Amino acid sequence: MTPVSVVVITFNEEKNIGRCLESVKGIADDIVVLDSFSKDNTKSICDAHGARFFEHHFDGHIEQKNRAISYAKYPHVLSLDADEALNEKLRKEIKAIKENFEADGYYFNRLTNYCGKWIRHCGWYPDRKLRLWDSRKGKWTGENPHDRYEMVKDADIRYLKGDLLHYSFYTIEQHMDTINKFSSIAANMRFKRGQRFSYFRLWISPLWKFFKSYILKGGFRDGFYGYVICKNSAHSTFLKQVKLYQLWHKEKTKK
């Protein structure tokens, strides 16, 4: 039986973390929570579920997730976000894998709940995520806030059935707040890379994003909330360009 460490990063997640940790009962041989100094009851909930609780200032999703892995007791890691939980089918798959952990990593589908509705289109499903792996053979990388786990070349990566349930946004206002926050992070990353503002991208990218999400990816099949998601996704694309423009304009006025 291969022991597995479950690793989660948190900040003010009292609404979600209990559900997340409850879903890994019978799977986790070790639970690590790395928190960014929450002000709510996150710590007490984690303590109640037997998690080893650590704190560190948040300096980026990629940095924090790699740091969290360093606290794990075992090299084989199941990495979850606080607002995620395993469904029963995925739990059974992971239990079976623990008896014979043959591959270097395993990915599975993520199904998102938006304002109480499960979203199966909009480009949001199956949204495959690599979350179970031998941590000696990879690391978190990507571009904040959009991290991804990258394994070594020629790693053996396989697929597990079942869904990782993602309880993303409880209200549209919460979604808009996240869009505003993440678009600022993305614009700053592009500015640091030297990516220039483009009027073409400002005009075309949001239109293309909506068309792709709502028409090509079938967002219309998710009804009202499908439309809201696709419009918000287009708006996020627009904001990234607007904020990139502001950063370059501010840089120009310094000279």
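Biologist: How many residues of strand S4 are buried?
Modeller: In this predicted model, six of the six residues in S4 (residues 76-81) are buried, and the strand is mostly covered.

Biologist: Which residues sit on each side of S4?
Modeller: His76, Leu78 and Leu80 are on one side, with Val77, Ser79 and Asp81 on the other. Both faces are covered.

Biologist: Nice. Does S1 run parallel or antiparallel to S4?
Modeller: Parallel, with five bridges joining S1 (residues 5-10) to S4. Asp81 in S4 is the bridge partner of Ile9.

Biologist: And how many bridges join S4 to S8?
Modeller: Three, and S8 (residues 129-134) runs antiparallel to S4. Asp134 in S8 stands opposite His76.

Biologist: Which residue of S10 does Glu143 stand opposite?
Modeller: That's His146.

Biologist: OK, and how far is Cys115 from the closest cysteine sulfur?
Modeller: Its sulfur is 12 Å from the one in Cys122, so that pair is too far for a bond as well.

Biologist: Are Cys115 and Cys122 buried or exposed?
Modeller: Cys115 counts as buried at 18% relative accessibility, and Cys122 is buried with a relative accessible area of 5%.

Biologist: Last topic, H6. Where is the kink?
Modeller: At Ser205, shortly before the proline Pro206, and the angle is about 30 degrees. H6 (residues 199-216) still reaches 24 Å from its first C-alpha to its last, close to the 26 Å expected for its 18 residues.

Biologist: Which residues of H6 are buried?
Modeller: Leu202, Pro206, Ser213 and Tyr214. Their cover includes helix H7 (223-254).

Biologist: What happens at the start of H6?
Modeller: A side-chain oxygen of Ser198 comes to within 3.2 Å of the backbone nitrogen of Phe200.

Biologist: And which residue takes a positive phi just after H6?
Modeller: Gly218 does, with a phi of about 75 degrees.

Terms used:
Residues are numbered from 1 along each chain as its sequence is written. This is a predicted model: local features need pLDDT of at least 70, side-chain atom pairs count only at pLDDT 80 or more; totals for chains, interfaces and linings use all residues. Side-chain values use heavy atoms; hydrogens and water are left out. Helices (H or I, at least four residues) and strands (E, at least two) are DSSP runs, numbered from the N terminus. The expected span of a helix is 1.5 Å times one less than its number of residues. The bend at a residue is the angle between axes fitted to the seven residues ending there and the seven starting there. Buried means under 20% relative accessible area, exposed over 50%, partly exposed in between (1.4 Å probe, protein chains only). Contact means heavy atoms within 4.5 Å. A polar contact is a pair of N or O atoms within 3.5 Å; within protein, one must be able to donate a hydrogen and the other to accept it, and residues adjacent in sequence count only if both atoms are side-chain atoms. A disulfide is a pair of cysteine sulfur atoms within 2.5 Å. Two strands pair if DSSP finds at least two bridges between them.
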